[in-house]
Amino acid sequence: MTTSLRYRMLPMLSVLVLLALWQGLVMALALRPFVLPAPSLILQTLLHDRALLGAAALVTLRTALEALAIAAVGALALALLFVQSPGISRALFPLAVILQVTPVIAIAPLLLIYLSTHAAVLLAAFLVAFFPLLAACVQGLGAVDPGLADLFALSGASRWQELRWLRLPTMLPWFLGGFRVAGGLALIGAIVAELAAGASGAGSGLATVIVESGFQLNIPRMYAALVIISAMGIGLFAATTWLARWLLRHRPEGRQQSWT
Amino acid sequence: MSTRTPLIALERVGLGFGDRAPVLQDVSLRVASGEFLALIGASGCGKSTLLRVLAGLQPPSAGKIARLQPESRIGIVFQDATLMPWASAFDNVALPLRLHRLPRAARHERVMAALAQVGLGDRAAARPHELSGGMKMRVALARALVVEPALLLLDEPFAALDEITRLRLSDDLSALQARLGMAVVFVTHAVSESVALADRVLVMARAPGRIMAQFSIDAPHPRHHEFRQSSAYLGKVEEVSAALRQTLQAGDDL
């Protein structure tokens with residue numbers, strides 16, 4: 001095995017060691033599953049409850065992805081509006097900040113009163129994913145090289161030409177950076193809102209499964225749902241990182257998009 | 001030089017911001033077609049600003065600018081290459097043509113010709129980060145040349161390059177100008193460079209930025225290595241340096 005391969009295996013190794021210790025501890029102390037289930041039992045539960053867990057995971061993932069997509073489009077549209085009109089930016093930016101600093105867990109119960117469960121969860125996920133994307137878009141659209149801006153002016157470029165050929169390409173790395181952060185946040189937002197929904201007996205996502213399994217003292221299933229949530233978070237991060245690398249493959253920044 | 005037609009004329013141009021000393025004061029200047037003009041001065045003397053005024057990027061607060069051939073085009077090269085990092089050398093050079101909405105087929109030929117002029121015909125597909133500093137400046141130069149400018153404005157284009165690259169690029173610039181015949185206004189802080197390249201050297205002083213002295217360099221273009229060793233060249237370098245020193249003494253302490 002080469003050194004670099006061994007180096008790349010290190011994170012996986014640490015996880016395996018942790019799981020082995022966990023398994024050993026549960027077996028050595030003969031812990032009951034409702035105190036701490038062994039990794040082997042969690043795996044069994046994952047396989048046994050796969051229909052239920054899979055359906056719930058699909059609901060959560062769809063919500064997170066929908067929220068991410070709406071946040072990306074919305075943030076870009078609003079950022080373009082901000083750039084075109086400083087007045088609108090001044091009027092609306094504080095609202096965006098207020099939404100950002102108010103914890104979504106505090107807003108979720110209210111959303112659940114006014115909206116259907118799905119709409120409330122979607123909106124909560126959107127709210128947390130939106131702000132980092134908006135900030136990234138605004139910064140990226142403003143990060144234009146002044147020399148290039150002069151060159152566009154000298155060539156008599158229209159506003160649309162400047163946007164299409166200068167501002168949007170300048171913004172792309174910023175946008176993708178925001179997108180990577182927002183991907184994880186959308187998942188967190190969806191889970192938080194689902195927890196609030198699950199507490200009132202509604203909802204069908206993974207967090208709802210966690211709440212319901214808690215009521216039933218089905219601790220292994222709670223862990224199984226948790227494993228899936230982690231995997232989805234890792235998957236989202238890997239997917240957005242891969243997207244950033246691919247879109248920036250011709251730029252020096254492209255190779256700096258690290259996986260860790 | 002009486003056969004040369006005037007391209008652009010500044011008359012008593014001034015530029016000021018608020019209470020501070022004007023950036024430019026009473027600058028009168030004529031650029032004729034085909035002439036090579038160097039603007040030299042200490043940092044902050046307004047020479048780059050004057051170039052922006054000439055380009056029409058900075059409206060003056062006093063005086064008049066007359067574009068005597070309004071149809072003529074202007075090309076500009078900045079101190080940094082200011083290339084779009086996401087675009088190939090080809091697409092960077094094609095940018096002004098694309099902004100002028102030239103059809104793709106017509107663009108291709110002119111872009112390749114411009115890249116060939118600066119010796120980068122084989123690097124059209126390279127991205128800026130794959131090119132050396134000198135090559136990036138060549139791409140920027142090709143981007144300025146692709147519009148077939150009557151006036152080429154250069155703002156210390158070689159300042160960030162090493163000595164050998166500088167010399168090669170200034171030789172190439174001299175040859176290009178002799179061949180294509182456009183007027184050039186070249187901002188620099190290097191006396192040797194200004195004398196080696198220009199027909200006319202304008203020495204600027206700062207606070208307020210103004211033209212203090214003017215020198216004619218009568219030597220044919222393109223100028224080769226031998227010119228840099230002639231006594232005429234060395235004499236002019238001495239004269240321009242003396243004038244430059246005077247502007248430093250006249251101005252506030254640096």
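Helices (H or I, at least four residues) and strands (E, at least two) are taken as DSSP runs and numbered from the N terminus. The model shown is predicted, and local features therefore need pLDDT of at least 70, side-chain atom pairs count only at pLDDT 80 or more, and totals for chains, interfaces and linings use all residues. Residues are numbered from 1 along each chain as its sequence is written, while chains are lettered from A and ligands numbered from 1 in the order in which they are written.

**View 1. Chain A, a chain of ten helices and zero strands.** Read from the N terminus, its elements run α-α-α-α-α-α-α-α-α-α, and the C-alpha atoms of chain A fill a box of roughly 75 × 60 × 25 Å along the principal axes. Of its 260 residues, 38% count as buried, where buried stands for 20 or more other C-beta atoms within 10 Å of a residue's own, exposed for 12 or fewer, and partly exposed for anything in between, with C-beta atoms placed from the backbone. Contacts are pairs of residues whose C-beta atoms, placed from the backbone, lie within 7 Å; among those in chain A between residues at least 6 apart in sequence, 74% join residues at least 24 apart.

**View 2. The contact between chain A and chain B, with 16 residues from chain A and 15 residues from chain B.** On the side of chain A that touches chain B, helix 7 (146–154) and helix 8 (159–199) each supply at least two residues, and the largest share, seven residues, comes from helix 7 of chain A. This side of chain A divides into eight nonpolar, five polar and three charged residues, with Ala, Val, Leu, Ile, Met, Phe, Trp, Tyr, Cys and Pro counted as nonpolar, Asp, Glu, Lys and Arg as charged, and the others, Gly among them, as polar.

**View 3. Leu99(B), a residue of helix 2 of chain B.** Leu99(B) counts as buried because it has 21 C-beta neighbours inside 10 Å. Residues up to four places away in sequence aside, Leu99(B) touches Phe152(A), Ser155(A), Gly156(A), Ala157(A) and Gln161(A).

**View 4. The two domains of chain B, domain 1 (1–72 + 150–157 + 181–254) and domain 2 (76–149).** The bounds come from an automatic or database domain assignment, and the centres of domain 1 and domain 2 of chain B, taken over C-alpha atoms, are separated by 26 Å. Ten residues of domain 1 of chain B are in contact with seven residues of domain 2 of chain B. Strand 6 of chain B gives the most to the domain 1 side, with five residues, and that side of domain 1 holds eight nonpolar, no polar and two charged residues.

**View 5. Helix 4 (residues 133–145) of chain B and its surroundings.** Ten of the 13 residues of helix 4 of chain B are buried, so this helix is largely enclosed by the rest of the structure. The buried residues of helix 4 of chain B, among them Met137(B), Val139(B) and Leu141(B), pack against strand 5 (74–77), helix 2 (89–99), helix 3 (104–117), strand 6 (151–155) and helix 5 (163–180) of chain B.

**View 6. Thr165(B), a residue of helix 5 of chain B.** With 17 other C-beta atoms within 10 Å, Thr165(B) is partly exposed. Neighbours within four places in sequence left aside, Thr165(B) is in contact with Gly133(B) and Gly134(B), whereas Thr165(B) and His108(B), 57 residues apart in sequence, lie 28 Å apart in space, C-alpha to C-alpha.

Definitions and conventions. Expected span 1.5 Å × (residues − 1). Contact = placed C-beta atoms within 7 Å.
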